[in-house]
Amino acid sequence: MVDQIYAHLDKHESVVGVYLDLEKAFDTVNHAILLHKLYNYGIRGVVYEWFRNYLHNRTQFVTVNECNSEVRNIKHGVPQGSLLGPLLFLIYLNDIHEAVPGDKLKLYADDTNLFVCGSNLQSVADETNILLSKLNKWFIANKLSLSLEKNLLYGIWISRESW
């Protein structure tokens, strides 16, 4: 990505980078949406039922100083620390490129980075806002939230003049 930014800067273009952090991303995966996506990706029959059973009727409790909380049902989220947790999360995020086609999005686990470049700073800013609106609609449809505290801190604008 850094090489791509430098290439645009060498062409005297402006680059906007927006770094988005999902709030409790692994914990907020909606099971119904995830199962729907698995089905759409061709997971059917016995394997689909296995995933459905894997996500259904999960429980958890917390232990602090040898004192246990009451057991509660888990209605959303993928098990962290498991082999399947990261895979299921990636499947959940896989269609985010439908909201922003092309190579403007860079994903790493639950970090989503948007990069927009162009010769005119105003058009780059306008396109960035349009793409952020599309991403927001995707986040809402997939019941994911941005961590506003973290997201207010991150974001860059680079032009050759400021470099």
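Helices (H or I, at least four residues) and strands (E, at least two) are DSSP runs, numbered from the N terminus. By that scheme, Trp50 and Tyr54 sit 4 residues apart in helix 3, so about one helical turn separates them.

This is a predicted model, in which local features need pLDDT of at least 70 and side-chain atom pairs count only at pLDDT 80 or more, while totals for chains, interfaces and linings use all residues. Residues are numbered from 1 along each chain as its sequence is written, and side-chain values use heavy atoms, with hydrogens and water left out.

**Aromatic pairs**

Rings of Phe, Tyr and Trp (its six-membered ring) pair if their centres lie within 6.5 Å; planes under 30 degrees apart count as stacked, over 60 as edge-to-face and the rest as tilted. The whole structure holds 6 aromatic pairs. Tyr39 and Tyr48 have ring centres 5.9 Å apart and planes at 80 degrees, so they pair edge-to-face. Trp50 and Tyr54 are stacked, with 5.3 Å from centre to centre and 10 degrees between the planes. Trp50, Phe51 and Tyr54 make up one aromatic cluster.

How exposed are the residues discussed here? Buried means under 20% relative accessible area, exposed over 50%, and partly exposed in between (1.4 Å probe, protein chains only).

| Residue | Relative accessible area | Class |
|---|---|---|
| Tyr39 | 41% | partly exposed |
| Tyr48 | 18% | buried |
| Trp50 | 46% | partly exposed |
| Tyr54 | 18% | buried |

Tyr48 belongs to helix 3. Contact means heavy atoms within 4.5 Å. Not counting residues up to four places away in sequence, Tyr48 touches Leu35, Tyr39 and Ile43. Ala141 is 93 residues from Tyr48 in sequence, and their C-alpha atoms are 22 Å apart in space.

**The nonpolar core**

A nonpolar core is a set of buried Ala, Val, Leu, Ile, Met, Phe, Trp, Tyr and Cys residues joined through side-chain atoms within 4.5 Å. The largest one has 34 residues. Leu34, Leu88, Phe89, Leu114, Leu135 and Phe139 have the most contacts inside it. Two or more residues of this core come from each of strand 1 (14–21), helix 2 (31–40), helix 3 (45–55), helix 4 (84–93), strand 7 and helix 5 (121–141). Helix 4 gives the largest share, 6 residues.

Which residues does Leu88 contact, leaving aside its neighbours within four places in sequence? They are Leu34, Leu38, Phe51, Tyr54, Leu55 and Val78. Phe51 and Tyr54 are also members of the aromatic cluster with Trp50.

Asn113 is in strand 7 (residues 111–118). Its relative accessibility is 17%, so Asn113 counts as buried. Leaving aside neighbours within four places in sequence, Asn113 is in contact with Val18, Tyr19, Leu20, Lys104, Leu105 and Lys106.

Leu132 lies in helix 5. Leu132 counts as partly exposed, because its relative accessibility is 27%. With neighbours within four places in sequence left aside, its contacts are Val18, Leu20 and Leu114. Leu132 and Val18 are 114 residues apart along the chain, yet their C-alpha atoms are separated by 9.0 Å.

**The largest pocket**

Rolling a probe the size of a water molecule over the atoms shows where empty space is left. On a 1 Å grid over the protein atoms alone, a pocket is an open set of points where a 1.4 Å probe fits, with protein on both sides within 12 Å along at least five of seven lines; lining residues have an atom within 4 Å of a point. Grid points are joined across faces, edges and corners, and a volume is the space filled by probe spheres set on the points.

The largest pocket has a volume of about 280 Å³. Its lining includes Asp27, Arg58, Arg72, His76 and Gln80. Strand 2 (58–60) and strand 5 (72–74) each supply at least two lining residues. Strand 5 gives the most, with 3 residues.

**Two loop residues with positive phi**

His12 is not a glycine, yet has a positive phi of about 60 degrees. It lies in the loop between helix 1 (2–10) and strand 1. At 57% relative accessibility, His12 is exposed.

Asn65, also not a glycine, has a positive phi of about 50 degrees. Asn65 is in the loop between strand 3 (63–64) and strand 4 (67–68). Asn65 counts as exposed, at 75% relative accessibility.
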